[in-house]
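Hi,

Here is the structure I promised to pass on to you.

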Amino acid sequence: LRDFLRRDWVWGLDVAGGGANGAVPLGAGAAAFRFSELSFASSLVVEWPHRMFTPFVGGRLALMLMTRRFEDDAFPAQYFSTLSPGVVGGLTWRVARDWGITLRGRVHYLLYNVDENRSLGFWELQTAVSYDL
């Protein structure tokens, strides 16, 4: 939502999901599992619009929901949820009046302190094609 809260501010909402298969090594073998993640996020960025290029920077907060289910119910299902604060920045190139190509980077902190502190930072890099209504 561009210019919703204030001129040159953009409020964004996004949803992402994914999954993978893996295995936990055990003494004599391994326990196979299926991992899935769902993320709901909101960001507030400030733009500095120019004729062709528009840089932007801001903050982002994501709610991450993760599950791990083992095959054959070898272990109980595991669930974890956390808030992940981060920063976002990038550049939009206006190729036409209403069309643009965006390069966006995000850096986040994942708080993970189950049993012991295994928190970590992570980053994302994204390109997008945009159309302004």
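Below is what I found, going from the overall fold down to single residues.

Two bits of housekeeping before we start. This is a predicted model, where local features need pLDDT of at least 70 and side-chain atom pairs count only at pLDDT 80 or more, while totals for chains, interfaces and linings use all residues. Residues are numbered from 1 along each chain as its sequence is written, and side-chain values use heavy atoms, with hydrogens and water left out.

**The overall picture**

What is the protein built from? It has zero helices and six strands, so the order from the N terminus reads β-β-β-β-β-β; here, helices (H or I, at least four residues) and strands (E, at least two) are DSSP runs, numbered from the N terminus. The C-alpha atoms fill a box of roughly 65 × 25 × 20 Å along the principal axes. The radius of gyration is 19 Å, but a compact globule of 133 residues would come out near 14 Å. That radius is taken over C-alpha atoms, and the globule rule is 2.2 Å times the number of residues to the power 0.38.

How much of the protein is buried? Buried residues are 22% of the 133. The word means under 20% relative accessible area, exposed means over 50%, and partly exposed is in between (1.4 Å probe, protein chains only). The accessible surface is about 9300 Å², and carbon and sulfur atoms hold 60% of that. Accessible areas come from the Shrake-Rupley method with a 1.4 Å probe, and for residues only the protein chains shown count as cover.

As for contacts (heavy atoms within 4.5 Å), take those with a separation of 6 or more: 48% of them are between residues 24 or more positions apart.

**A nonpolar patch**

M52, F53, L91, W93, V95, W99, I101, V129, Y131 and L133 make a nonpolar surface patch of about 1100 Å². Patches are made of residues with over 30% relative accessible area and no salt bridge; like charges are joined within 9 Å, and nonpolar side chains (Val, Leu, Ile, Met, Phe, Trp, Tyr) within 5 Å. At least two patch residues come from each of β4 (78-94), β5 (99-110) and β6 (120-131). L133 sits in the segment after β6 and is exposed, at 99% relative accessible area.

**Salt bridges**

How many salt bridges are there? The whole structure has seven, counting a side-chain nitrogen of Lys or Arg within 4 Å of a carboxyl oxygen of Asp or Glu.

One of them joins the side chains of D14 and R60, at 2.7 Å from N to O. D14 is in strand β1 (residues 9-25) and R60 in strand β3 (residues 53-70), so this pair links distant parts of the chain, 46 residues apart. D14 is partly exposed at 23%, whereas R60 is buried at 8%.

Another is between D132 and R94, at 3.2 Å. D132 lies in the segment after β6 and R94 in strand β4, so the pair ties together parts 38 residues apart in sequence. Here D132 is partly exposed at 22%, and R94 is buried at 17%. These two also belong to a salt-bridge network with R2 and E47.

E116 and R118 form a salt bridge too, at 3.5 Å. E116 is partly exposed at 46%, and R118 is partly exposed at 44%.

N117 is in the loop between β5 and β6. Is N117 buried or exposed? It is exposed, at 58%, and its side chain makes a polar contact of 2.7 Å with that of S119. A polar contact is a pair of N or O atoms within 3.5 Å; within protein, one must be able to donate a hydrogen and the other to accept it, and residues adjacent in sequence count only if both atoms are side-chain atoms.

T54, in strand β3, is buried at 4%. Beyond its neighbours within four places in sequence, T54 is in contact with E47, W48, P49, G90, L91 and T92.

T82 belongs to strand β4 and is buried at 8%. A polar atom of its side chain lies 3.3 Å from the backbone oxygen of L111.

Cheers
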